[in-house]
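Hi,

Here is the structure I promised to pass on to you. Have a look at it first, then read my notes below with the viewer open.

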Amino acid sequence: MSFQIPRGTQDILPEQAAKWQYIEQIARELCRRYNYQEIRTPIFEHTELFLRGVGDTTDIVQKEMYTFEDRGKRSLTLRPEGTAAVVRAFVEKKMFGLANQPVKLFYMGPMFRYERPQAGRFRQFVQFGIEALGSNDPAIDAEVIALAMNLYKEMGLKKLKLIINSLGDKDSRNTHREALVNHFKPRITEFCHDCQNRLEKNPLRILDCKQDHEHELMKSAPAILEFLNDFSKTYFEKLQQYLRQLDIPFEVDANLVRGLDYYNHTAFEIMSNAEGFGAITTLCGGGRYNGLAEELGGPETPGIGFALSIERFIAALKAEEIELEINAGIDCYLAYLGEEAKDYTVGLLQQLRLAGFSAERDYLNRKIKAQFKAADRLNAKYVAVLGDEELKNNKINVKNMATGEQVEIELALFIKQFQALQE
């Protein structure tokens, strides 16, 4: 019986994994510079967390969650996104009491959503995201956006577009909500079942409907920017001022609606304009979510963050034909001639590795010519050849594979002199 990978998942093979590791390394280094620290939360949480934190009117909760019941009859869900779990940990571990505020966190790991697989979109996917909790300053909104933009730029992406919007504070949203209900209600039966359910619960989500996005009422729907009160207007103007100060180009799109219920004030998306990237152009999305901590049982705590898919990141790199500068290959390949030399290389290989070098030897009893071919396939910088005769004379030959230069080294001094060759 043969087995196949589940639909919507993927195997990341070693050659591909090197790209993932490279991106993850750059992301971690960028977070270090911006003073964001890593947090790791469970892959599954109590289902209620996502019902409360993500919102029961969202597509994620209604259609896409992997939910199961454990042996204790508890409803658990594989995490579909990262923010709710991070804020749950923030509240549960009382991180709001830490001396250093705001609390700035990042996470990286698999998420799970049951949706139709397509290019760059999987049922198990990896997200990198950051959350800044504890500040109402629009300057930190600009910082969060800058971090996301800088990550893409440091990887060489150029065909990017940042769009921003304001969803306003609670009062602004309530006024806008009433206007949306009055706008859609007379003809709501012309919309899909999901939109009909959202009318009273969260009419803002109607604007995000993919099925009815061409309906004429969508184009004439009242925009949130028309309903911002003075505080919300000033907040949004400050954000734009800071983005200009940071030399980050942006467009204001009054129709931008984030897919989760907890957003307010700043909302943003980063898109790829690369030719051939695909119909879904969004690379990264985020925004401010004041109120989520209280919803999860904590004190009033403002927050802002973003999340991006590593899969879509890689797809954008491919669309712009960017090759990552991955340090492939090994430092040394140990080749041997004769049984005594073969046995000796077992210990010598360990010495190389303990000295910090990446090293390999033959395990298939191949002839010396085949061992050199193996070294080429592994992109070895050096090949060290040890024969029975060299072993008797306490010598080893080391060949630089790039220049062809070859030197004979005292075997007892091999590790020390091999280190000198790297300088």
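Start with Asp 331, whose side chain reaches the backbone nitrogen of Ser 358 at 2.9 Å. Bear in mind as you read that this is a predicted model. To find Asp 331, go to the loop between α11 (310–319) and β12 (332–337). Is Asp 331 buried or exposed? Its relative accessibility is 14%, and anything under 20% is called buried, so Asp 331 counts as buried. If you skip the neighbours within four places in sequence, Asp 331 is in contact with Gly 356, Phe 357, Ser 358, Lys 381, Tyr 382 and Phe 418.

Some of those names come back in another place. Phe 357, Tyr 382, Phe 414 and Phe 418 are linked into a cluster by ring pairs.

Now move along to strand β12. Of its 6 residues, 5 are buried, so β12 is largely enclosed by the rest of the structure. Which strands does β12 pair with? One is β13 (residues 359–361), which runs parallel to β12 and is joined to it by 3 bridges. Within that pairing, Tyr 333 stands opposite Glu 360 in β13. To get from β12 to β13, the chain passes through helix α12 (residues 339–354), and this β-α-β crossover is right-handed. Another partner is β14 (residues 382–387), which pairs with β12 in the parallel sense over 6 bridges. There, Leu 337 has Gly 387 of β14 as its bridge partner.

Next, the aromatic rings. How many aromatic pairs does the structure hold? The count is 11. Two numbers are handy here: a pair of aromatic rings is described by the distance of the centres and the angle of the planes.

Take Phe 106 and Phe 128 as an example. Their ring centres are 6.1 Å apart and their planes are at 55°, so the pair is tilted. Phe 106 sits in strand β5 (residues 103–112) and Phe 128 in strand β6 (residues 124–133), so to speak two distant parts of the chain, 22 residues apart, that the pair links.

While you have the rings on screen, look for two arginines. Arg 123 lies over the face of Tyr 114, at 4.0 Å from the ring centre. Arg 361 lies over the face of Tyr 363, and here the distance to the ring centre is 4.9 Å.

One last stop is Glu 269, in strand β9 (residues 264–272). With 10% relative accessibility, Glu 269 counts as buried. What does its side chain make a polar contact with? The partner is the side chain of Thr 282, at 3.2 Å.

Definitions and conventions:
Residues numbered from 1 in each chain as written. Predicted model: local features only at pLDDT ≥ 70, side-chain atom pairs only at ≥ 80, totals over all residues. Heavy atoms only, no water. Phe/Tyr/Trp six-rings, centres within 6.5 Å; stacked < 30°, edge-to-face > 60°. Helix = DSSP H or I, 4+ residues; strand = E, 2+ residues; numbered from the N terminus. Lys NZ or Arg CZ within 6 Å of the ring centre and 35° of its normal. Buried < 20%, exposed > 50% of the residue type's maximum accessible area, 1.4 Å probe, protein only. Polar contact = N/O pair within 3.5 Å; in protein donor to acceptor, adjacent residues only side chain to side chain. Contact = heavy atoms within 4.5 Å. Pairing = 2+ DSSP bridges. Right-handed = clockwise from strand over helix to strand, strands pointing away.
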